[in-house]
Amino acid sequence: MSDNRFKDHLGRPIVAVTGMGVITSLGQGLADNWAALTSGTSGIHKITRFPTEGLSTRIAGTVDFITVPANNSVERSFAFARETTREALAQAGLSGDFDGPLFLAAPPVEPEWSDRFALADRAPPSQVEGDAYDRFLAAMRERPDPVFLEAVQFGSISERLADTFGTRGLPVTLSTACASGVTAIQLGVEAIRQGRTDRALTVATDGSVSAEALIRFSLLSALSTQNDPPEKASKPFSKDRDGFVIAEGAATLVLESLESAIARGAKILGIMKGCGEKADHFHRTRSSPDGGPAIATIHAALADAGVDESGIGYINAHGTSTPENDKMEYGAMLAVFGDRLKEIPVSSNKSMIGHTLTAAGAVEAVFSIQTMLTGTLPPTINHTNPDPTIMLDVVPNKKRDGQPKAVLSNSFGFGGQNASLVMTLEPA
């Protein structure tokens with residue numbers, strides 16, 4: 001007979017977190033990241049990886065301290081994911097083959113232009129008509145290069161991780177814009193709840209900052225152009241915010257059924273209590289102004305967790321620092337929590353690390369659990385000119401002691417992808 005101590009309010013296996021790893025522009029590893037984050041340090045800096053002359057945005061939260069064999073988005077994303085997974089598995093006390101599925105959130109990047117031109121130059125004269133991408137495809141047909149393909153196809157990241165860590169079954173690669181990290185976690189949670197596995201490896205990574213990425217987001221008027229000083233540019237919920245700061249990073253979480261984790265003597269770091277997701281069909285990039293899908297997402301996460309609004313003690317906001325998104329998220333939270341919202345600390349990690357895009361939801365889930373473990377609420381820095389229309393306790397500029405029993409973490413992304421997590425320290 002199944003032990004009800006290990007079941008949630010709906011009779012499903014409780015899902016525990018037993019290992020975490022993280023890389024952001026603040027540094028490598030959870031300890032260094034947490035020390036920097038809680039001290040209010042910014043990882044945003046002037047871009048040096050590639051020329052930025054003529055670009056309106058010349059700053060980012062790039063991760064430049066990880067050595068990669070080739071300077072492209074896929075190699076960077078794989079390297080970040082490999083290192084965070086090593087850290088997470090070590091903390092979980094797991095070695096050898098992982099023996100569970102892998103769910104990876106990775107940026108859907110195409111080969112960078114330098115790679116396209118280099119390969120196109122190898123094509124025979126009869127195959128080089130057309131634009132650079134046509135020539136790239138022609139060259140791949142004429143002279144297949146498995147090593148090159150592995151280095152530029154984002155789908156290869158999960159395969160390489162699976163080979164490295166011995167995961168079970170076909171690795172799943174997903175991309176749901178800024179909600180991707182939470183989506184990967186949700187897939188892991190559901191796999192355990194459904195009894196398909198006792199453990200799952202959930203990874204989110206993004207090393208896709210490039211000149212092309214800056215141009216594309218700039219055309220959407222999404223990026224901050226407040227280049228000087230870089231560390232002051234990301235200012236969520238401030239009156240003078242003008243856009244997000246693009247960034248890189250990765251996070252890995254080892255998820256296990258609580259029963260399995262306790263049976264092997266693992267340390268329980270936190271509980272993945274509830275997941276919610278809803279689509280927003282309002283616009284390809286903009287969120288619905290009334291916040292309806294975001295409201296429904298938060299409600300869905302609370303319902304899945306079996307927690308009501310009064311149970312949330314801290315919110316890790318999506319908090320991108322774009323004028324429109326911050327306003328929408330505030331309205332959504334206000335609709336859910338009402339007057340009590342003023343009493344709930346709400347901070348944005350993106351004020352310090354920037355927006356890590358595909359990795360953001362997982363990175364912020366790690367920081368949310370760390371908030372509960374340490375009893376420290378990280379600040380929202382650069383909050384010197386509050387938006388008078390957004391009445392939030394953003395833990396302005398300096399960390400604060402606090403011991404929330406349950407945390408809500410929001411990820412609201414381009415393409416109508418909305419996802420929220422509810423995490424707790426204890427199962428009940």
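**Exercise 1.** Determine which side chain makes a polar contact with the side chain of Thr252, and describe the surroundings of Thr252.

*Solution.* In this predicted model, local features need pLDDT of at least 70 and side-chain atom pairs count only at pLDDT 80 or more, whereas totals for chains, interfaces and linings use all residues. Residues are numbered from 1 along each chain as its sequence is written, and side-chain values use heavy atoms, with hydrogens and water left out.

Step 1: the partner is the side chain of Thr85, at 3.0 Å, where a polar contact is a pair of N or O atoms within 3.5 Å, one able to donate a hydrogen and the other to accept it, and residues adjacent in sequence count only if both atoms are side-chain atoms.

Step 2: Thr252 is placed in strand S8 (residues 249–257), strands being DSSP runs of E with at least two residues and helices runs of H or I with at least four, numbered from the N terminus.

Step 3: Thr252 is buried, because its relative accessible area is 0% (buried means under 20%, exposed over 50%, partly exposed in between, with a 1.4 Å probe and protein chains only).

Step 4: leaving aside residues up to four places away in sequence, Thr252 touches, among others, Gly19, Ala81, Thr85, Leu201 and Val366, contact meaning heavy atoms within 4.5 Å.

**Exercise 2.** Identify the residues through which H2 meets H6.

*Solution.* Step 1: from H2 (residues 73–92), the residues in contact include Phe78, Ala81, Thr85 and Leu89.

Step 2: from H6 (residues 156–165), they include Ile157, Leu161 and Phe165.

Definitions and conventions
Axes are lines fitted to C-alpha atoms, for helices over the stretch in contact, and angles run from 0 to 180 degrees between N-to-C directions.
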